[in-house]
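Open the structure in your viewer and keep the selection tool at hand. This tour goes stop by stop.

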Amino acid sequence: MFRYDNRFTQFLPGDSETRNFRRQVFGACYSRVQPTSVPSPRLVAYSREMAEELGLTPEQCGSDLFQQVFAGNQVLEGMDPFAMCYGGHQFGNWAGQLGDGRAINLAEVWGREGRRWTLQLKGAGPTPYSRTADGLAVLRSSVREFLCSEAMFHLGVPTTRALSLVLTGQDVVRDMFYDGNPEREPGAVVCRVAPSFTRFGNFEILAARQDDDLLRQLANFTIEHDFPEFWAERKSEVDSPPFYADWFAEVCRRTATLMVHWMRVGFVHGVMNTDNMSILGLTIDYGPYGWLEDYDPAWTPNTTDAHGRRYAFGQQPQIGMWNLVRLANALWPLVQEKEPLQAALQEYSETYQKQFQAMMAAKLGLAQYDEELVDGLFLLLGSLETDFTIFFRRLARWQEAALDSNELDGLFDANGIPELLKPAYYDLGQWSQTISQRTRDWLNLYLLKLRRDSQSPSSRVERMKQVNPKYVLRNYLAQLAIDAAVRGDFTQITRLLDVLRQPYTEQIEHEDLAEKRPDWARHRAGCSMLSCSS
Ligand code: AMP
Ligand code: MG
């Protein structure tokens with residue numbers, strides 16, 4: 001089925017203990033472990049694009065072998081399954097060894113055009129890193145991970161991918177809200193795919209244990225395999241402090257780019273602990289994530305974080321920095337100089353700033369960033385419940401109409417609400433004289449800036465549509481697909497997967513999937529709040 005290239009286990013030291021029991025693992029980057037068999041695997045969905053990338057045909061994906069392998073029931077010849085050892089800072093505190101507690105890397109394989117991919121099962125049973133948990137995953141969280149990975153990919157956001165979603169035929173017990181009400185839920189396994197799943201925490205654990213040799217070995221391996229361009233250019237400098245400092249700067253830039261993407265599409269990760277930060281700058285570990293509905297920088301979908309709001313939407317860029325500081329500390333033994341690490345962190349801020357401005361200019365259809373306009377907009381959006389996605393998507397149409405007309409009044413209704421933007425407002429009852437006036441003022445300012453802008457109106461609209469998605473995986477849509485899947489109906493998963501393939505394209509027959517959250521979903525579990533239990 002695959003062409004294998006298992007380098008992680010070939011070149012890095014593994015745990016000498018091969019029995020599968022929970023423990024602290026020293027002097028190793030991973031432990032070999034076999035997935036646990038399940039009674040009756042059943043394929044729910046697979047990603048056509050990911051399968052093609054891996055050279056799998058639809059026939060192969062529909063085969064019994066496929067569902068057996070991606071449920072963890074069969075390990076193919078050439079696979080070398082292992083769980084990684086990593087640590088992490090969780091909610092601001094060092095948590096020691098964590099590791100792949102329910103993820104098992106099956107193999108590294110060759111994809112198209114010489115790309116290498118790691119196949120990883122999530123929910124295929126315990127590993128030495130499972131601590132007190134069971135190593136399993138429920139259908140609910142697996143649907144969310146599967147759909148969101150692929151949706152993010154199609155949105156152009158760096159992310160780990162998902163190949164398949166398989167029901168195991170075995171129930172898993174979860175206390176969803178940690179309130180003493182455990183329930184049985186269907187178990188599932190997702191096969192995730194990424195060039196590698198290495199996290200900030202893989203380096204942190206080695207630094208915390210003062211295992212400098214292994215830290216260097218892992219850094220060298222990571223740079224050679226996950227940063228091939230950097231390696232090609234700089235390999236003669238390997239082992240020198242500038243080599244690691246400049247690589248760290250690259251990680252900083254990638255992380256900044258990732259944060260800008262999240263802020264662009266309204267994605268809230270929910271648990272930005274350092275063990276959930278990919279060294280490659282990918283979105284990784286889809287847990288209690290959420291999509292911004294009404295614009296609110298303080299919003300978090302994660303109930304565990306509801307008090308501190310450490311990982312709220314607007315906090316994410318700052319937390320990116322906090323996490324990079326932890327990584328800088330972990331890489332200290334390789335650099336041993338403050339200045340280059342600080343310069344790299346400075347680059348994070350600068351890259352973020354520059355790319356955020358370019359992104360906001362693009363969202364507004366302007367060639368140049370305009371601080372007055374953007375600050376005014378965020379104040380306005382925060383002052384009444386406005387759907388982030390719909391607002392920006394519709395703004396392209398509004399500005400087109402406004403530039404075309406010489407009678408602006410025709411674009412507003414009797415209450416002063418802009419007609420074309422109406423579908424973005426959650427509560428039209430909130431509209432007061434003041435709100436109408438402020439909206440008008442901002443739109444007038446926007447028009448003024450547009451008139452001074454050099455782009456042609458048609459290319460502007462096109463550009464706006466390429467950065468402002470029409471379709472995102474709205475929280476309630478994922479929940480509806482989960483409810484149906486639990487009843488044995490997988491069609492909503494397939495439909496979402498299909499529509500989210502082209503998030504920037506109008507799909508008239510799927511208009512319902514672009515509407516704002518209905519009122520019933522405002523406070524419903526799974527739609528507006530999620531626990532870490534998964
Ligand atoms: P998370 O908060 O999902 O990033 O997980 C933090 C740590 O807990 C990681 O080491 C996970 O592998 C581990 N973990 C989470 N859920 C489970 C589970 N059901 N079984 C075993 N380990 C888990
Ligand atoms: Mg995690």
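How much space lies in the second largest pocket? About 600 Å³. Keep in mind that this is a predicted model.

**Stop 1: the second largest pocket**

Select Arg115, Pro195, Asp226, Arg254 and Leu280. Of the 26 residues that line the second largest pocket, these are the closest to its centre. Now colour by secondary structure. Strand E7 (116-122), strand E9, helix H7 (212-226), helix H8 (228-234) and helix H9 (241-265) each give at least two residues to this lining. Colour by class next: the lining has 12 nonpolar, 5 polar and 9 charged residues.

**Stop 2: an aromatic pair**

The structure holds 29 aromatic pairs. Select Trp231 and Phe243, which form one of them, edge-to-face. Their centres are 6.3 Å apart, with 70° between the planes. Trp231 lies in helix H8 and Phe243 in helix H9, so the pair ties together parts that are 12 residues apart in sequence. Is Phe243 buried or exposed? Phe243 is buried, at 0% relative accessible area. Trp231 also counts as buried, at 17% relative accessibility, because the cut-off for buried is under 20%.

Move on to Tyr286 and Tyr289. This pair is edge-to-face too, 5.6 Å centre to centre and with 90° between the planes. Tyr286 is buried, with a relative accessible area of 3%. Tyr289 is buried as well, at 1%.

For a group of rings, select Tyr295, Phe313, Phe378, Phe388, Phe391 and Phe392. Together they form one aromatic cluster.

**Stop 3: the magnesium ion**

Select ligand 2. Which residues coordinate this magnesium ion? Asn276, through OD1, and Asp285, through OD, at 2.0 to 2.2 Å. Asn276 is buried, at 11% relative accessible area. Asp285 counts as buried at 14%.

**Stop 4: the largest pocket**

Here the space amounts to about 960 Å³. Select Gln90, Arg102, Arg131, Cys532 and Ser534: of the 41 lining residues, they are the closest to the centre of the largest pocket. Helix H5 (139-155) and strand E9 (183-194) are the elements that give two or more residues to the lining. H5 has the largest share, 3 residues. By class, the lining of the largest pocket divides into 14 nonpolar, 15 polar and 12 charged residues.

**Stop 5: the cavities**

How many cavities of 30 Å³ or more does a search of the whole structure find? The search finds 3. The largest cavity has a volume of about 90 Å³. Select Phe8, Glu108, Thr118, Pro195 and Ser196, the closest to its centre of the 14 residues that line the largest cavity. Strand E3 (82-84), strand E6 (103-110), E7 and H7 each supply at least two lining residues. The largest share, 3 residues, comes from H7. The lining of the largest cavity divides into 6 nonpolar, 5 polar and 3 charged residues.

The second largest cavity has a volume of about 60 Å³. Its lining includes Arg140, Arg144, Gly287, Cys532 and Ser534. By class, that lining has 3 nonpolar, 5 polar and 2 charged residues.

Zoom out to the whole chain.

Note on methods:
Residues numbered from 1 in each chain as written. Chains lettered and ligands numbered in written order. Predicted model: local features only at pLDDT ≥ 70, side-chain atom pairs only at ≥ 80, totals over all residues. Heavy atoms only, no water. Donors = N, O, S within 2.8 Å, 3.2 Å for Na, K, Ca; no water. Buried < 20%, exposed > 50% of the residue type's maximum accessible area, 1.4 Å probe, protein only. 1 Å grid on protein atoms, 1.4 Å probe; cavity = no way out; pocket = protein on both sides within 12 Å on 5 of 7 lines; lining within 4 Å. Points joined across faces, edges and corners; volume = space filled by probe spheres on them. Helix = DSSP H or I, 4+ residues; strand = E, 2+ residues; numbered from the N terminus. Nonpolar A, V, L, I, M, F, W, Y, C, P; charged D, E, K, R; others polar. Phe/Tyr/Trp six-rings, centres within 6.5 Å; stacked < 30°, edge-to-face > 60°.
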